[in-house]
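The sequence and the structure come first, and the description follows.

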Amino acid sequence: MPTRGLGVWSGSVFCEIAEGGGILRMRARGELVFAAHPQFRPFIQALRNTECRQAQFDLAQITHMDMCGVGMILLVQDEAAKAGLALEFLNLPSALTQILAITGRSLDDRAQSLRLAA
């Protein structure tokens with residue numbers, strides 16, 4: 001399948017979305033905070049509309065995240081589950097990993113990623 005991509009910059013967060021090789025790849029750069037939630041919608045739409053069966057969400061370039069940002073991450077996980085996608089979060093900050101563990105979400109510490117079995 002050919003790769004197609006989308007980049008959206010607005011306010012404090014830049015959203016990159018690309019499909020290729022059967023994987024939906026998403027990356028956020030900047031601040032994942034309450035004010036950025038409208039700009040986060042392309043991620044949710046991509047999860048709902050993709051024909052891929054796998055998704056990756058890279059958080060390596062997130063510079064700041066508030067509790068609303070954590071909620072957005074959990075929303076991505078929930079939407080991926082609804083779409084039947086195998087989801088992998090890449091480059092989770094250790095503080096976020098600890099918060100997600102408290103929520104009871106499935107963590108794979110060896111790979112430094114959050115995995116959701118489809």
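In this predicted model, F40, F43, F57 and F89 come together as one aromatic cluster. With ring centres required to lie within 6.5 Å, the count comes to four aromatic pairs. Two of these pairs, both of which involve F57, are set out below.

| Aromatic pair | Centre to centre | Angle between planes | Arrangement |
|---|---|---|---|
| F43 and F57 | 4.8 Å | 50° | tilted |
| F57 and F89 | 5.6 Å | 45° | tilted |

Since planes under 30 degrees apart count as stacked and those over 60 as edge-to-face, the 50° between the rings of F43 and F57 is the reason why that pair is classed as tilted. F43 belongs to helix α1 (residues 41-49) and F57 to strand β4 (residues 54-65), so their pairing ties together parts that are 14 residues apart in sequence. Both of these residues, F43 and F57, are buried.

The pair of F57 with F89 likewise links distant parts of the chain, with F57 in strand β4 and F89 in strand β5 (residues 86-90), 32 residues apart. F89 is buried, as is F57.

Elsewhere in the description stands a packing of two helices: α2 (residues 67-83) and α3 (residues 94-103) pack at an angle of about 65°, their axes being 11 Å apart, and their crossing is right-handed. On the α2 side the contact is made by V70, I73 and L74, which meet L96, I99, L100 and T103 of α3. Sorted by class, this contact of α2 with α3 comprises six nonpolar residues and one polar residue, with no charged residues.

Definitions and conventions
Residues numbered from 1 in each chain as written. Predicted model: local features only at pLDDT ≥ 70, side-chain atom pairs only at ≥ 80, totals over all residues. Heavy atoms only, no water. Phe/Tyr/Trp six-rings, centres within 6.5 Å; stacked < 30°, edge-to-face > 60°. Helix = DSSP H or I, 4+ residues; strand = E, 2+ residues; numbered from the N terminus. Buried < 20%, exposed > 50% of the residue type's maximum accessible area, 1.4 Å probe, protein only. Axes fitted to C-alpha atoms, helices over the stretch in contact; angles between N-to-C directions. Left-handed = near helix turned anticlockwise from the far one by under 90°. Contact = heavy atoms within 4.5 Å. Nonpolar A, V, L, I, M, F, W, Y, C, P; charged D, E, K, R; others polar.
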